[in-house]
Amino acid sequence: MGLSTHVLDTMHGGPAAGMAVELYSTDGDTAALVKRFTLNSDGRNPDGLLLDNASLKVGTYRLLFDVKGYFALRGVALPEPNFLNRVALDFGVAHTDQHYHVPLLVSPWSYSTYRGS
C-alpha cells in the first residue's frame, strides 16, 4: 500500500508529465526532504510508490509541486508573477497499514486535491 501521488493537468486535459515534485516529512515548522522526482508520462512517480508500507510512518508530510515550472515547460504564457508558483500539500498519515494516495488536479490558476484510493 504506502504513499502515492498522481497529477493531472486540467488545462491540457492529461497527465502532468515532467512536473518536478518533492516529498518532505514535517514536524511543526521543520521539513526534511525525503525525495525529489519528476513525474512520468502518466503523471506519476516513475519509481512507483513514494513510500512503501515499511517506510511510511505515522506523522505529517508535505508534497511540493512545481506548478509554475511545469506550465512554463509546456510553453504556457504566464504572467510575472504567476498566480500559482508551487503548490504545497500538507497532510497527515494516521494508519500505516492503509494506502494514502494524494492526487492533484491543477492549472496555472487553480488546484484541488483529495485523499484518493
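## Aromatic pairs

Buried means under 20% relative accessible area. By that cut-off, both Tyr-70 and Phe-71 are buried in this predicted model.

The structure holds 2 aromatic pairs. One of them joins Tyr-61 and Phe-91, with ring centres 6.0 Å apart. The planes of Tyr-61 and Phe-91 meet at 20°, so this pair is stacked. The pair links distant parts of the chain: Tyr-61 belongs to strand β5 (residues 59-66) and Phe-91 to strand β6 (residues 86-93), 30 residues apart. Tyr-61 is buried at 6% relative accessibility. Phe-91 is buried too, with a relative accessible area of 15%.

Tyr-70 and Phe-71 make an edge-to-face pair. Their centres are 4.8 Å apart, with 75° between the planes.

## A charge over a ring

Arg-115 lies over the face of Tyr-100. The distance from the ring centre is 3.8 Å.

## Salt bridges

The structure holds 5 salt bridges. Among them is the bridge between the side chains of Asp-9 and Arg-74, at 3.4 Å from N to O. Asp-9 sits in strand β1 (residues 3-9), and Arg-74 in the loop between α1 (67-73) and β6, so the pair ties together parts 65 residues apart in sequence. Asp-9 is buried, at 1% relative accessibility. Arg-74 is partly exposed, at 41%.

Glu-22 bridges to Arg-36, with the closest N and O atoms 3.0 Å apart. This pair also links distant parts of the chain: Glu-22 is in strand β3 (residues 20-27) and Arg-36 in strand β4, 14 residues apart. Glu-22 has a relative accessible area of 18% and is buried. Arg-36 counts as exposed, at 58% relative accessibility.

Glu-80 and Lys-68 form another salt bridge, 3.0 Å from N to O. Glu-80 lies in the loop between α1 and β6, and Lys-68 in helix α1, so the pair ties together parts 12 residues apart in sequence. Glu-80 is exposed at 65% relative accessibility. Lys-68 is partly exposed, with a relative accessible area of 26%.

## Asn-53 and its contacts

Asn-53 lies in the loop between β4 (30-38) and β5. Its relative accessible area is 32%, so Asn-53 is partly exposed. Beyond neighbours within four places in sequence, Asn-53 is in contact with Met-1, Gly-2, Thr-96, Asp-97 and Gln-98. The side chain of Asn-53 reaches the backbone nitrogen of Gly-2 at 2.6 Å.

Asn-40 is 13 residues from Asn-53 along the chain. The C-alpha atoms of Asn-40 and Asn-53 are separated by 22 Å.

Technical notes: Residues are numbered from 1 along each chain as its sequence is written. This is a predicted model: local features need pLDDT of at least 70, side-chain atom pairs count only at pLDDT 80 or more; totals for chains, interfaces and linings use all residues. Side-chain values use heavy atoms; hydrogens and water are left out. Rings of Phe, Tyr and Trp (its six-membered ring) pair if their centres lie within 6.5 Å; planes under 30 degrees apart count as stacked, over 60 as edge-to-face and the rest as tilted. Helices (H or I, at least four residues) and strands (E, at least two) are DSSP runs, numbered from the N terminus. Buried means under 20% relative accessible area, exposed over 50%, partly exposed in between (1.4 Å probe, protein chains only). A charge sits over a ring if NZ of Lys or CZ of Arg is within 6 Å of the ring centre and within 35 degrees of the ring normal. Contact means heavy atoms within 4.5 Å. A polar contact is a pair of N or O atoms within 3.5 Å; within protein, one must be able to donate a hydrogen and the other to accept it, and residues adjacent in sequence count only if both atoms are side-chain atoms. A salt bridge is a side-chain nitrogen of Lys or Arg within 4 Å of a carboxyl oxygen of Asp or Glu.
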